[in-house]
Amino acid sequence: MSITVRIPTQLRQLTGGAGEIKVEGSTVGEVLKALDSAHPGFGERLFDDAGELRRFVNVFLADEDVRFLDGLSTAVADGQTISVIPAVAGG
Amino acid sequence: MDFVSGLRCRECGRTYPAEALHVCDFCFGPLEVTYDYDRIRATVTRERIERGPRTIWRYADLLPVDDPNPVDLGAGYTPLVRADRLAAELGLGELWIKDDTANPTGSFKDRVVSVALTKARQLGLKVAACASTGNLANSVAAHAARAGLESVVLIPSDLERAKVTMTAVYGGRVVAVDGTYDDVNRLCAELASEHPDWAFVNVNVRTYYAEGSKTLAFETAEQLGWRAPDHVVVPIGSGSQLTKIAKGFAELATVGLLDQVPDVRVSGAQATGCAPVATAFAEGADAIRPVKPSTIAKSLAIGNPADGWYALQTIRETGGSCAAVTDEEILDGIELLARTEGIFAETAGGVTIATLAKLAASGQIRSDECVVAMVTGHGLKTTEALFDRVGPTATIAPTLDAFDAAIDLGRNGDQSDEPAQRSDR
């Protein structure tokens, strides 16, 4: 499954400045791990020691917060977009 | 000149220069402004503040930007009103209302926006932008107009009509998004990455913006005669205001403006239709679970609050409490405050007053405490919430007889034809 991941400004130094990266995977967690393999550094920034998403990292699948879905286990479909967004905004 | 020493990640402690940055590049934790408190202590005095303008800028020494000509409509220095009639109804003692309805665009947001756009101009940013539940939209559009900046304001499309009008009138661009505030916020976080020369006040300049809320604590203490209250009740949307009020009281002691280290209990107020912090508090949870909001308190309808975790921490550390109130209770709170103190608050103010009442009834706010309730937005913004509740006592022909009949009717509410009168409202 080919998935597009949108990268926030704060992490674009890991992608050589690219704002979108295409990777493979069948769940949100697999996609993000594939992103870390392709561009090392994402893993330690996105996940805590227990392997969960860090408190201030929001991940959206097709514009829905994955915390409202099945979290990192959420299945993804070919061609979908995942956005990684810092949680500290708004209010 | 300001006394800022830089920015620091609240989670991992990494430091950054004072630029348009709001989250840590490493862990995404929020960045906080750090100050040289020794230099502030050597400079600031009560007299220096009291000689300053009757706006938030009298506290410029404790703000993250100083400019002789700030982007300013006169935000701050709002009345602190002794609320004896309300206190009597609630069984409380020394109760005060911080009446932030008196700000230029009718809410506390003028405090944070004045700071954010003054800093944004200094940083050379070109466009004032935000994601808003309404009050911030009003304030950004107005302050941008004042500063001659372009503005782009994004709001959920179901906002109260008054809040839309009060934004659009200033001539900037207003984009209504089909979705919740959290959807709008996500969109703005992505837009901020694409438009690095824009000032999204609550995204890329949020670090500075949030500091403006400290002035609520500064003013409260000054207006109480340079003493901190025992207990404050603060509405929670993102949770930023609550944490910054606690920080404000602590800073006053740090720089020597209070005789004693303050011990202020900070309690939070939410609507049951959007209560992620109150729920976590009640459950003793360590994480905030996001929710899909459904409440008339639209200005607090943030299902995934950026500072929810820190608000929860502040409430627990200060020995405060947190409660949520229903839409009915919110409307009761608006009417109670209006009826007893002559202050007309928006729905978020109803949340504060209803929560104050609830915490007073349960004994968590005590009658021996000096209590301050933060009423942060004007009722004119959300009048539609009350359309079914209040209206003319009677609609009459222009005759003395009709007037006398109507007033008698009002005194004897059990008369049989009263329902017909009510339906005229």
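From the N terminus on, chain A of this predicted model runs β-β-α-α-β-β-β. That comes to two helices and five strands. The C-alpha trace of chain A spans about 30 × 30 × 25 Å along its principal axes. Its radius of gyration is 12 Å, in agreement with the value near 12 Å that a compact globule of 91 residues would have. Of those 91 residues, 38% count as buried. Contacts in chain A between residues at least 6 apart in sequence include 51% that join residues at least 24 apart.

Chain B has 16 helices and 13 strands. The radius of gyration of chain B is 22 Å, close to the 22 Å that the globule rule gives for 425 residues, so chain B is as compact as a globular protein of that length. The table sets the two chains side by side.

| Chain | C-alpha span along principal axes | Share of residues buried |
|---|---|---|
| Chain A | about 30 × 30 × 25 Å | 38% of 91 residues |
| Chain B | about 70 × 50 × 45 Å | 56% of 425 residues |

In chain B, 69% of the contacts with a separation of 6 or more come from residues 24 or more positions apart.

**Where the chains meet**

The contact takes 29 residues from chain B and 22 residues from chain A. Which helix gives the most to the side of chain B that touches chain A? That is helix α7 of chain B, residues 181-194, with six residues. By class, this side of chain B has 14 nonpolar, 10 polar and five charged residues.

Helix α12 of chain B is mostly covered. Seven of its 10 residues are buried. They are B:Gly308, B:Trp309, B:Tyr310, B:Ala311, B:Leu312, B:Thr314 and B:Ile315. What do these buried residues pack against? Their partners in chain B are α10, β11 (265-271), α11 (276-283) and β12 (322-325).

The pairing with α10 can be described in more detail. Helix α10 (residues 240-254) of chain B and helix α12 (residues 308-317) of chain B pack at an angle of about 45 degrees, and their axes are 8 Å apart. An angle of that kind makes α10(B) oblique to α12(B). The crossing of α10(B) past α12(B) is left-handed. On the α10(B) side, the contact uses B:Leu242, B:Thr243 and B:Ala246. On the α12(B) side, it uses B:Tyr310, B:Ala311 and B:Thr314. The residues of this contact of α10(B) with α12(B) divide into four nonpolar, two polar and no charged. B:Tyr310, B:Ala311 and B:Thr314 are also among the buried residues of α12(B).

After α12(B) comes B:Gly319, with a positive phi near 75 degrees.

Is the crossing of α4(B) and α5(B) left-handed or right-handed? The crossing is right-handed. From α4(B), the contact draws on B:Lys109, B:Asp110, B:Val113, B:Ser114, B:Leu117 and B:Arg121. From α5(B), it draws on B:Asn135, B:Leu136, B:Ser139, B:Val140, B:His143, B:Ala144 and B:Ala147. The residues of the contact of α4(B) with α5(B) divide into six nonpolar, four polar and three charged. The contact of α10(B) with α12(B), by comparison, has no charged residues.

Most residues other than glycine have a negative phi. Two residues of the model, one in each chain, go the other way.

A:Ala62 has a positive phi of about 45 degrees and is not a glycine. A:Ala62 sits in the loop between β3 (57-61) and β4 (64-65) of chain A. Is A:Ala62 buried or exposed? A:Ala62 counts as exposed, because it has 12 C-beta neighbours inside 10 Å.

B:Tyr77 has a positive phi near 50 degrees, again in a residue other than glycine. B:Tyr77 lies in the loop between α2 (46-50) and β4 (80-82) of chain B.

Terms used: Residues are numbered from 1 along each chain as its sequence is written. Chains are lettered from A and ligands numbered from 1 in the order in which they are written. This is a predicted model: local features need pLDDT of at least 70, side-chain atom pairs count only at pLDDT 80 or more; totals for chains, interfaces and linings use all residues. Axes are lines fitted to C-alpha atoms, for helices over the stretch in contact, and angles run from 0 to 180 degrees between N-to-C directions. Helices (H or I, at least four residues) and strands (E, at least two) are DSSP runs, numbered from the N terminus. Angles under 35 degrees count as roughly parallel, over 145 as roughly antiparallel, 65 to 115 as roughly perpendicular and the rest as oblique. A crossing is left-handed if the near helix is turned anticlockwise from the far one by less than a right angle, and right-handed if clockwise. Two residues are in contact if their C-beta atoms, placed from the backbone, lie within 7 Å. Ala, Val, Leu, Ile, Met, Phe, Trp, Tyr, Cys and Pro count as nonpolar, Asp, Glu, Lys and Arg as charged, and the others, Gly among them, as polar. The radius of gyration is taken over C-alpha atoms; the globule rule is 2.2 Å times the number of residues to the power 0.38. A residue is buried if 20 or more other C-beta atoms lie within 10 Å of its own, exposed if 12 or fewer, and partly exposed in between; C-beta atoms are placed from the backbone.
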